[in-house]
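Reader: I would like to go through the labels used for this model one by one, and to hear what each of them rests on. Could you set the values against the definitions as we go?

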Amino acid sequence: MTGKTATATTTVSEKNTAKAVGSGNLDVFSTPMMIALMEQAACECLADILEPGQSSVGTQISVAHTAASPLGAKITATATITQAEGRKISFAISATDDTGEIGNGTHDRFIIDADRFMGKLAQRK
């Protein structure tokens, strides 16, 4: 499992800018949307590993957003499994646009039983 990689892509539009999501007032790709794309790549990395009824949840993410991306830029997030310890899967994550890297960091996800997880969530009400 270690070394397995997956990607997710998007294009910067008015819907995923800092201005649109409330993380700033500029029409540039927002940090929250970069993080979401990185998590999407990590989920893709696990998609063919999960058994029926399983899912994964993010439990930790640490990223640096190192460059701005304008409207129309194509963004690609990449997640690579760096470690698997039982149900905990760790990733190296990065994002690039047409001109190079725009962010990088680490991410942890746990494989869970979806029904059991949602059952415990219902008890929190």
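Reader: Why is Phe-117 called partly exposed?

Author: The relative accessibility of Phe-117 is 38%, and buried means under 20% relative accessible area, exposed over 50%, and partly exposed in between, with a 1.4 Å probe and protein chains only; Phe-117 is therefore counted as partly exposed. The structure is a predicted model, in which local features need pLDDT of at least 70 and side-chain atom pairs count only at pLDDT 80 or more, while totals for chains, interfaces and linings use all residues. Residues are numbered from 1 along each chain as its sequence is written, and side-chain values use heavy atoms, with hydrogens and water left out.

Reader: Which residues does Phe-117 touch, not counting residues up to four places away in sequence?

Author: Contact means heavy atoms within 4.5 Å, and with that exclusion Phe-117 touches Val-57 and Ile-112. Val-57 is 60 residues from Phe-117 along the chain, and their C-alpha atoms are separated by 9.8 Å. Phe-117 itself belongs to helix H3, residues 114-122, where helices (H or I, at least four residues) and strands (E, at least two) are DSSP runs numbered from the N terminus.

Reader: Why is Arg-109 called buried?

Author: Its relative accessible area is 5%, so Arg-109 falls under the limit for buried residues. Arg-109 is found in strand E5, residues 100-113. Leaving aside neighbours within four places in sequence, its contacts include Glu-39, Leu-46, Val-57, Arg-87 and Phe-91.

Reader: What makes the approach of Arg-109 and Ser-56 a polar contact?

Author: A polar contact is a pair of N or O atoms within 3.5 Å; within protein, one must be able to donate a hydrogen and the other to accept it, and residues adjacent in sequence count only if both atoms are side-chain atoms. The side chains of Arg-109 and Ser-56 are joined at 2.9 Å, so the distance lies within that limit.

Reader: How do you know that E5 is paired with E2 and with E4?

Author: Two strands pair if DSSP finds at least two bridges between them. Strand E2 (residues 54-65) has 11 bridges with E5, and strand E4 (residues 88-97) has 10, so both meet the condition; the sense is antiparallel for E2 and antiparallel for E4. Gly-105 of E5 is the bridge partner of Val-63, while His-107 of E5 stands opposite Phe-91. E4 and E5 also form a hairpin, with two residues between them.

Reader: What share of the chain is buried, and what share of its contacts joins residues 24 or more positions apart?

Author: Of the 125 residues in the chain, 30% are buried. Among contacts with a separation of 6 or more, residues 24 or more positions apart account for 65%.
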